[in-house]
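Subject: Structure for you to look at

Hello,

Here is the structure I promised to pass on. Please open it beside this message. My notes follow below it.

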There are 2 protein chains.
Amino acid sequence: MAVYTDVSDEALSAFLADYDIGGLVAFRGIAEGVENSNFSLRTTTGDYILTLYEKRVDPLELPWFLGLMRHLAAAGLSCPLPVAGSDGEPLRELCGRPAAITTFLPGVWPRRIKLDHCRPLGAALARLHLAGRTYAPRRANTLGPTSWTRLLDLSLARPEAVEALSPGLGGTLRAALDAIVPAWPRDLPTGHIHADLFPDNVFFLGAHLSGLIDFYFACTDILAYDIAICLNAWCFEPDLSFNISRARTLLAGYESLRPLSAAERSALPVLSQGAAMRFTLTRLYDWINTPSGAMVTRKDPRDYLRRLRFHLAAGDERAYGL
Amino acid sequence: MAVYTDVSDEALSAFLADYDIGGLVAFRGIAEGVENSNFSLRTTTGDYILTLYEKRVDPLELPWFLGLMRHLAAAGLSCPLPVAGSDGEPLRELCGRPAAITTFLPGVWPRRIKLDHCRPLGAALARLHLAGRTYAPRRANTLGPTSWTRLLDLSLARPEAVEALSPGLGGTLRAALDAIVPAWPRDLPTGHIHADLFPDNVFFLGAHLSGLIDFYFACTDILAYDIAICLNAWCFEPDLSFNISRARTLLAGYESLRPLSAAERSALPVLSQGAAMRFTLTRLYDWINTPSGAMVTRKDPRDYLRRLRFHLAAGDERAYGL
């Protein structure tokens with residue numbers, strides 16, 4: 001849960017004066033998201049989300065994110081549409097932080113993943129990849145394979161903390177990195193990927209997928225890597241056993257709109273290893289560096305280490321139901 | 001901010017099946033309130049708040065609170081109206097906790113108090129007191145003067161923690177209690193009071209007061225004590241100097257609907273001392289007993305100690321602009 005910056009009613013009124021979206025009706029902090037401060041905002045013209053970008057987001061990158069969201073929404077994807085101020089600019093400032101208003105999306109994110117979610121999820125991911133083709137600006141993946149060694153080194157600067165979390169963890173990750181990075185595919189189709197499509201970023205109304213949110217990790221990278229992130233985020237049971245039916249259904253949903261090449265299919269194990277590595281490493285870093293009194297729930301990196309072990313043992317794409 | 005209990009989409013769907021309020025459209029945790037878990041809920045028929053009552057609220061008292069809210073709303077006060085399920089019962093269970101749906105109120109709570117807020121605030125408080133007259137059930141104030149000695153004793157069981165917060169604090173509070181409790185008025189008009197009407201429980205749209213929320217400290221007690229709580233909560237500047245213009249305006253708003261008797265007026269100093277004492281003591285107890293890693297922001301009891309000092313020095317009602 002997170003609202004890092006509170007917004008005074010006076011600051012809000014002054015901010016809204018720069019928009020043509022009607023008068024203020026209601027304003028409440030939203031207890032979701034861990035990177036930014038989000039508020040539900042109602043005006044006489046409708047419902048919106050107001051986001052204040054906190055320190056984890058580079059302000060210079062915000063135009064790329066907002067431009068991508070506008071592009072995807074214009075292409076028919078159900079994602080937040082940035083609302084421009086009277087001067088045509090969607091990115092503004094509030095309480096000393098970059099801020100933007102986006103449209104409100106209906107739906108509820110699934111707390112318990114069901115097989116029924118996986119086909120629409122796969123299809124939405126393919127739709128995102130296809131719609132992104134005509135958005136020209138690129139953004140490098142700052143959390144891609146070239147960053148992982150440095151991320152691990154940063155955590156291992158406190159070896160006792162890593163060891164306390166899980167004996168032998170540092171060595172295990174180092175060995176896995178030494179296997180994954182050299183094997184990382186070089187010639188697979190790239191494009192704009194969401195890169196963080198976890199269940200809390202996907203809204204459903206019943207079996208219908210009603211929207212995708214939180215594009216602030218989006219970047220230009222291997223398209224199938226986005227699938228690998230979803231395989232990690234959606235296809236493990238709470239006991240961390242792998243649900244191959246979900247994987248097969250997710251992939252079938254994806255391939256109904258964008259069939260995978262043989263090279264993409266056979267890269268699924270290493271891409272999934274990399275996705276598990278990426279979330280293990282960022283969680284490990286946060287785990288070690290989050291003060292115990294912080295108002296953020298730390299996520300246990302060991303959950304992703306167990307996923308990593310599954311993918312390291314996956315011989316080929318048949319492990320994912322293909 | 002607070003959402004203590006997350007509600008799965010499946011549990012929510014099953015819960016909503018017991019209501020005739022249409023289909024689910026959206027559901028988000030609200031990052032406000034520190035006692036219960038609150039969610040903003042949209043259905044095809046409108047907007048609601050779903051509250052899960054956490055351990056601080058006695059389930060046996062919930063029918064009294066919900067009954068009072070229904071009574072006040074029916075009398076025209078803008079407060080949350082409990083929504084009954086198909087069986088006519090507004091109090092139900094969700095995720096193992098008592099739960100209720102109430103109507104959504106427009107408005108924004110004032111982060112910076114302005115003089116313009118004080119007259120509508122006083123008038124709304126008087127309206128609440130007048131509307132409450134015809135609600136027959138009573139609820140004792142469990143945080144009234146008879147509880148204060150015990151509350152202080154509980155904190156002083158850890159004298160080093162109290163002393164660390166403010167040297168001499170225990171003795172100061174004990175001496176103040178010895179003065180306030182014997183002087184507590186016995187024959188003032190009583191009725192149902194809100195007892196926690198802080199700015200974050202009062203919504204405004206511009207200068208218009210659009211609603212009162214959070215009735216879970218409401219009880220049957222001296223009506224003018226509710227005014228004293230508001231004098232504490234609304235009439236001090238951020239530097240804790242007293243703003244007598246706000247007090248005068250608040251009282252004028254109140255008296256426009258319910259004039260105070262001479263006895264009520266002359267009791268304002270001791271009632272205000274008591275109100276400051278009550279919040280000093282509960283904040284002190286929470287300060288000492290909240291683990292440093294808890295996801296709740298502790299409120300500094302010393303802010304109310306300074307208010308208490310102001311009220312102890314108030315000779316009579318003229319200190320409040322009367």
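The notes below go through domains, helices, helix packing and a few loop residues.

Some ground rules come before the findings. This is a predicted model, in which local features need pLDDT of at least 70, side-chain atom pairs count only at pLDDT 80 or more, and totals for chains, interfaces and linings use all residues. Residues are numbered from 1 along each chain as its sequence is written, chains are lettered from A and ligands numbered from 1 in the order in which they are written, and side-chain values use heavy atoms, with hydrogens and water left out.

Domains of chain A

Domain 1 of chain A gives 20 residues to the contact, and domain 2 of chain A gives 22 residues. Contact here means heavy atoms within 4.5 Å.

Helix 2 of chain A

Helices (H or I, at least four residues) and strands (E, at least two) are DSSP runs, numbered from the N terminus. Helix 2 of chain A covers residues 62–74, 13 residues in total. Its first and last C-alpha atoms are 18 Å apart, close to the 18 Å expected at 1.5 Å a residue. The expected span is 1.5 Å times one less than the number of residues.

Buried means under 20% relative accessible area, exposed over 50%, and partly exposed in between (1.4 Å probe, protein chains only). The buried residues in helix 2 of chain A include Leu62(A), Trp64(A), Phe65(A), Leu66(A) and Met69(A). His71(A) is buried there too. Their cover includes strand 4 (82–83), strand 6 (97–103), helix 3 (115–132), strand 7 (190–193) and strand 10 (219–222) of chain A. Just after helix 2 of chain A, Gly76(A) takes a positive phi of about 100°.

Helix 7 of chain A (residues 223–234) has 12 residues. They should span 16 Å at 1.5 Å a residue, and the end C-alpha atoms are 17 Å apart, which agrees. Of its 12 residues, 12 are buried, so helix 7 of chain A is largely enclosed by the rest of the structure. Asp226(A) and Asn232(A) are among the buried residues.

Helix 7 and helix 8 of chain A pack at about 150°, with axes 10 Å apart. Axes are lines fitted to C-alpha atoms, for helices over the stretch in contact, and angles run from 0 to 180 degrees between N-to-C directions. The crossing is right-handed. A crossing is right-handed if the near helix is turned clockwise from the far one by less than a right angle, and left-handed if anticlockwise. Helix 7 of chain A brings Leu223(A), Ile227(A), Cys230(A), Leu231(A) and Trp234(A) to the contact. Helix 8 of chain A brings Arg246(A), Ala247(A), Leu250(A), Leu251(A) and Tyr254(A). By class, that contact has nine nonpolar, no polar and one charged residues. Ala, Val, Leu, Ile, Met, Phe, Trp, Tyr, Cys and Pro count as nonpolar, Asp, Glu, Lys and Arg as charged, and the others, Gly among them, as polar.

Ser241(A) sits in the loop between helix 7 and helix 8 (244–255) of chain A. At 32% relative accessibility, Ser241(A) is partly exposed. Leaving aside neighbours within four places in sequence, Ser241(A) is in contact with Cys235(A) and Phe236(A). Arg306(A) is 65 residues away along the chain, with its C-alpha 9.1 Å from that of Ser241(A).

Helix packing in chain B

Helix 7 (residues 223–234) and helix 10 (residues 268–289) of chain B pack at about 65°, with axes 8 Å apart. Their crossing is right-handed. The contact includes Tyr225(B) and Ile229(B) from helix 7 of chain B, and Arg278(B) and Phe279(B) from helix 10 of chain B. By class, it has 11 nonpolar, three polar and one charged residues.

The axes of helix 3 (residues 115–132) and helix 8 (residues 244–255) of chain B come within 7 Å and cross at roughly 35°. This crossing is right-handed. The contact of helix 3 with helix 8 of chain B has nine nonpolar, five polar and two charged residues.

Positive phi in chain B

Cys95(B) is not a glycine, yet has a positive phi of about 55°. Cys95(B) lies in the loop between strand 5 (92–94) and strand 6 (97–103) of chain B, and is partly exposed at 30% relative accessibility. Leu240(B) has a positive phi near 70°. Leu240(B) lies in the loop between helix 7 and helix 8 of chain B, and is buried at 15% relative accessible area.

Best wishes
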